[in-house]
Structure formats: structure tokens, C-alpha cells
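Subject: Structure handed over, with notes

Dear colleague,

Please find below the structure I promised to pass on to you.

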Amino acid sequence: MKSKLLAVILVISLFILPILSGCKDEAKLEKVRLIEVTHSVLYAPQYVALEKGFFEEEGLDIELTNGKGADKSMTALLSGEADIGFMGPEASVYVYNSDKDNYAINFAQLTQKDGSFLVGREKDDNFTFDKLKGKTIIGGRKGGMPEMILEYVLKSKDITPGKDVEVRTDIQFAAMAGAFLGGEGDYVTLFEPVASELEKEGKGHIVASIGEEAGYVPYTCYSATKEYIKENPEIIQKFTNAVYRGMVWVNENSSEDIAEALKGQFPDTDKDILISLVERYKNQDTWKPDLVLTEEGLEHMMDIMELAGVLDNRAPYEQIVNTEFAKKAMEK
């Protein structure tokens with residue numbers, strides 16, 4: 001009788017102990033609410049870090065939310081609905097200049113090129129920017145990074161927004177593709193995989209890369225409020241470590257392997273499209289290999305903001321940027 005009882009206990013233990021052990025491991029993870037400006041292949045290193053378990057290995061449980069725009073993402077960060085925000089650093093400049101005491105500080109830079117593409121209604125293998133004269137482009141929110149970079153590129157081509165071409169800024173970031181499909185505008189700027197999916201369906205055609213035309217710019221960075229960083233430096237460091245590991249992995253692996261790692265984040269996108277998108281972003285030198293937002297980079301971004309007519313006062317670099325975590329991640 002005792003032997004049967006022992007056998008039953010042993011069987012139960014074999015099933016229960018792994019479950020309890022798993023619960024214990026999960027309980028050790030610290031939850032971090034991350035809000036991203038949009039969900040795009042442009043942010044491949046972040047998704048690799050998620051899919052490869054780099055955040056878990058650092059002891060973090062990431063709750064990822066799509067903010068659908070930098071304005072909404074920053075609002076969530078400042079209101080305490082998110083712990084870490086991922087968006088263009090222009091948002092932190094606006095917040096600092098609004099005299100908020102608990103402003104946002106950028107602690108790691110992920111991308112160094114614009115990730116959007118100019119999509120037209122017709123296929124045009126010989127596209128030149130002067131073809132935009134007299135046309136309408138759905139460009140995104142006024143003062144947002146995608147719209148400002150678009151204007152920066154247009155002006156570099158001697159095309160004046162509002163005079164030579166109409167750039168619409170009245171359509172919300174998340175609604176731009178839908179508006180274009182609904183017949184509004186002659187062109188639209190879109191992120192991937194949306195741009196390529198429209199092209200595959202024959203509903204739009206990529207004619208130019210805004211990132212390739214614009215050159216270097218600190219496009220998207222991770223930020224947290226001054227108070228959150230002060231109270232949770234260990235979490236910020238662990239988070240940065242994981243992102244850096246994702247960056248290293250992306251730089252060391254093939255486009256095919258990266259695409260395979262991204263499938264969990266983009267289940268509805270064909271793998272051949274993912275491979276081509278990763279290759280495109282790689283060829284554009286899209287990702288910032290060291291995660292450090294430099295003073296020169298921030299000043300260049302504020303030059304673009306001034307050119308767009310949305311910046312009166314520059315934010316001090318030492319106030320809205322902290323490079324300590326990125327540098328320590330590289331050392332580790």
C-alpha cells in the first residue's frame with residue numbers, strides 16, 4: 001500500500017513541480033510596460049530581443065503596446081500608463097520645452113535613418129522628386145518625425161511644401177494607409193511591412209526611400225521619465241542590455257535568419273517580404289550599432305525641427321539625453 005502511495009506522489013510531483021518551478025521563474029521577472037510609436041520591421045533589433053528571450057534573460061517581462069503615433073506614446077509615458085516609450089526624440093524636446101518637471105529622457109537610440117517609403121498609385125521605375133510638383137502627399141502629423149523628415153527631403157530637392165506640393169498633415173498616423181486606399185492623396189509615406197503589402201496587393205507602389213534620401217538622423221529612441229529612471233536604474237540598464245543584444249544579433253546574422261526571428265511579430269507577412277524588408281533596411285544602414293544618442297545627432301534633429309518651423313527653443317542635450325546605460329550595455 002505504501003509503495004502504491006509513494007508511486008502516486010511521485011507521478012504527481014513529476015507534473016506539479018515543473019509547473020510550480022515555472023511559476024516561480026515567472027514571478028522573478030519584473031514587468032515593464034513598453035509603448036512603441038508603431039509596429040514596423042524598422043525596429044527589428046527590438047523584436048529579435050523579444051523573440052530570442054533576451055529580455056527574460058535580463059529578468060524583464062515586456063508588455064508591448066502600439067501607441068500609433070509619438071504624440072499618443074508620449075502621453076502614455078507621462079501619464080504613467082507606460083514605463084518606457086519608444087519614439088522619435090523630437091517628442092522629448094517638445095515635453096522639455098513645455099516646462100514639465102518630470103520630463104522624458106532618451107537613454108538609447110535604435111534607428112539612425114527614417115524608415116518610411118514614398119508610395120504612389122502607379123509603378124514608376126524612373127521616379128524623380130520633381131514629379132511631385134502639383135501633387136498631394138499624405139505626410140503624417142505636423143511636427144512628427146516622419147512628416148518633418150519628408151519636408152527636409154523635399155526642400156533638399158528644391159521642392160517647397162505648400163507651394164510646389166501639398167503635404168497633408170490632417171490625417172492621423174495610423175489612418176494614413178486607409179486614407180490613401182480610400183482615394184485621398186496622390187502619394188503617401190508608409191512604414192514597413194504596410195508599404196510592401198500594399199505593393200503586393202497592387203494598391204500602391206514604392207517609388208522612393210525617405211530614409212535613403214534623408215541620410216543620418218536619430219529617428220527613434222527609448223525614453224523614460226526623469227523620475228522613473230531615478231527610481232529604476234537597474235530596470236533601465238537591463239532593458240538596454242537586452243536591446244543591445246538584439247542589435248548585435250541583427251548585425252551578426254543573415255537577413256533570412258532575422259526574417260525567421262521576426263515571424264512571431266509579423267505572422268501575417270510572407271517570409272519573402274520580411275527578408276526583402278530586412279535586406280532593404282540593412283542596406284540603408286538603418287540601425288544604430290552602439291545605441292548612443294550623440295549631441296551632434298540631437299543637434300541635427302533640432303536643425304530639422306527648426307527647418308520645419310516647429311521649434312523655437314532648443315532643449316539642452318545633457319538634460320534630455322543619458323548615455324550611461326548604452327555605454328554600460330556595450331561594456332557588458
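In which loop is proline 193 found? Proline 193 is found in the loop between S8 and helix H8 (194-200), where helices (H or I, at least four residues) and strands (E, at least two) are DSSP runs, numbered from the N terminus. The peptide bond that joins glutamate 192 to proline 193 is cis, with omega at about 15°.

Before the rest, two remarks on how to read these notes. This is a predicted model, in which local features need pLDDT of at least 70 and side-chain atom pairs count only at pLDDT 80 or more, while totals for chains, interfaces and linings use all residues. Residues are numbered from 1 along each chain as its sequence is written, and side-chain values use heavy atoms, with hydrogens and water left out.

The chain as a whole

The secondary structure of the chain comes to 16 helices and 10 strands. Its radius of gyration (taken over C-alpha atoms) is 22 Å, close to the 20 Å that the globule rule (2.2 Å times the number of residues to the power 0.38) gives for 332 residues, so the chain is as compact as a globular protein of that length. Along the principal axes, the C-alpha atoms fill a box of roughly 90 × 45 × 35 Å.

Of the 332 residues, 52% count as buried, a term that means under 20% relative accessible area, with exposed meaning over 50% and partly exposed what lies in between (1.4 Å probe, protein chains only). The accessible surface, from the Shrake-Rupley method with a 1.4 Å probe, comes to about 15300 Å², and 49% of it belongs to carbon and sulfur atoms. Among the contacts (heavy atoms within 4.5 Å) with a separation of 6 or more, residues 24 or more positions apart account for 80%.

Strand S5 (residues 117-120) runs antiparallel to S8 and is joined to it by four bridges, with phenylalanine 117 standing opposite leucine 190. Strand S6 (residues 136-138), by contrast, pairs with S8 in the parallel sense over two bridges, and there the partner of isoleucine 137 is tyrosine 187.

S5 is also joined to S9 by four bridges, again in an antiparallel arrangement, and glycine 120 has histidine 205 as its bridge partner in S9. All five of the five residues of strand S9 (residues 205-209) are buried, so this strand is largely enclosed by the rest of the structure. Valine 207, which lies in S9, counts as buried at 14% relative accessibility. Not counting residues up to four places away in sequence, valine 207 touches Leu118, Gly120, Glu122, Asp124, Phe127 and Tyr187. From serine 79, valine 207 is 128 residues away in sequence and 39 Å away in space, C-alpha to C-alpha.

Helix H2 (residues 44-51) is mostly covered, with seven of its eight residues buried, among them Pro45, Tyr47 and Leu50. Glycine 53, which follows H2, has a positive phi near 80°.

Glutamine 284 lies in the loop between helix H13 (271-283) and helix H14 (295-307), and with a relative accessible area of 7% it is buried. Leaving aside its neighbours within four places in sequence, glutamine 284 is in contact with Lys113, Asp114, Phe117, Ser209, Gly211 and Glu212.

Backbone points to look at

Most residues other than glycine have a negative phi, and most peptide bonds are trans. Lysine 68, in the loop between strand S2 (60-66) and helix H4 (70-79), has a positive phi near 60°, and at 45% relative accessibility it counts as partly exposed. Aspartate 99 likewise has a positive phi, near 65°; this residue lies in the loop between helix H5 (90-97) and strand S4 (104-111) and is exposed, with a relative accessible area of 70%.

With best wishes

How values were computed
Pairing = 2+ DSSP bridges.
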